Amino acid sequence: MEIKTENLGKSYGKNWALQKVSFTIGGGITALLGPNGAGKTTLLNILATLVQPTHGHVSIGGLDIQHKRQEIRRLLGFLPQEFGLYDSLTAYEFLDYMGLLKGIEHRKQCVQQALEQVGLESYAKHRVGTFSGGMRQRLGLAQALLNKPPVLIVDEPTVGLDPAERTRFRQLLIQMGAAHTVILSTHLVEDVLLTAGRVITLNAGQIQYDGKVSEMVNMAQGKVWTARIAPSDLIIIQQKYIVTNLEANEGTFIVRFLSDRNPSIQAEQVSPTLEDAYLFITGKR
Ligand code: ATP
């Protein structure tokens, strides 16, 4: 299902959280990648019809978000960054309650199906208060799936999960991407690399890259270098270049950094990673 934004802007007082945001996305997983404060949550909240843009247009499935709010809500499943769960309820009771609030018909069947989709069917009668972070996040995704929406919006879903839970949640998202249009916001390059086909990077409210994940690395082609340096030289390198990685090695440092031209120290050019490209695009030190 197509999601389209045109010249979208959102200001909070004098602060522009989003500016000139235009994109069109279709099926599969699109990652929205950006540092804290980039505007990801603001954008997702606008798409989820929870926040009004200051200007610009958004349409989902051809429906204009200003005029067709209720219809659009039926097309969406939303997993916000922070959401409340009722610890004293069982997983089944929680989803049943959410289904009631959402006015979902054939609730029993929808709850059962959502539990199966996120792999929690054998925990249906367990209290939410006993769940791990990953299970809570999967239950959050289950509530987003209750109304069988074609579009899923998930805001920083892997934050706070341990590596095993993060891997499991990513696999779940990939499964979802086969049948849904998924927008996933994250500040982790690894989330993008392991789940999404398309990436839109946001920084200070503006799009900096929009394209295939596989092509994003090309942005840093010819700009990544490594050098072995004395620890005392690190500060100079950090002041001059964006350092993307640092390893201690037998009393020296192996530093990986970005430079548009031949660096002033002896260094070897290397192939970029997605992380290098992301740091190049955002220009963050
Ligand atoms: P994070 O990952 O930290 O949530 P983000 O990329 O999701 O970051 P947003 O939460 O969308 O970024 O915030 C973008 C900018 O808008 C920030 O400068 C933030 O302080 C500001 N902002 C967001 N919501 C509000 C609000 N309700 N009132 C005022 N300013 C806000």
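1. Start with the pairing of glutamate 156 and histidine 187: their side chains make a polar contact at 2.8 Å. A polar contact here is a pair of N or O atoms within 3.5 Å; within protein, one must be able to donate a hydrogen and the other to accept it, and residues adjacent in sequence count only if both atoms are side-chain atoms. Keep in mind that this is a predicted model, where local features need pLDDT of at least 70, side-chain atom pairs count only at pLDDT 80 or more, and totals for chains, interfaces and linings use all residues. Residues are numbered from 1 along each chain as its sequence is written, and side-chain values use heavy atoms, with hydrogens and water left out.

2. Where does glutamate 156 sit? Look in the loop between strand S7 (151-155) and helix H6 (163-179); helices (H or I, at least four residues) and strands (E, at least two) are DSSP runs, numbered from the N terminus. Glutamate 156 counts as buried because its relative accessibility is 6%, and buried means under 20% relative accessible area, exposed over 50%, partly exposed in between (1.4 Å probe, protein chains only). Not counting residues up to four places away in sequence, glutamate 156 touches Lys40, Gln81, Gln137, Ser185, Thr186 and His187, where contact means heavy atoms within 4.5 Å.

3. Lys40 takes us to helix H1 (residues 40-47), which is largely enclosed by the rest of the structure because 7 of its 8 residues are buried. Lys40 is one of the buried ones, and so are Thr42 and Leu43. After H1 comes threonine 49, with a positive phi near 65°.

4. Now for the ligand. Of the 13 residues around it, Gly37, Gly39, Lys40, Thr41 and Thr42 come nearest; a residue is near if one of its heavy atoms lies within 4 Å. H1 supplies the largest share of this shell, 3 residues. A side-chain N or O atom of lysine 40 is 2.9 Å from a ligand oxygen, while for a backbone N or O atom of glycine 37 the distance to a ligand oxygen is 2.7 Å.

5. Last, the inside. The largest nonpolar core has 51 residues, and Leu95, Val199 and Met216 are among those touching the most other members. Such a core is a set of buried Ala, Val, Leu, Ile, Met, Phe, Trp, Tyr and Cys residues joined through side-chain atoms within 4.5 Å. Helix H5 (residues 133-145) gives the most to this core, 6 residues. There's also a second, separate core of 26 residues, including Val21 and Leu47.
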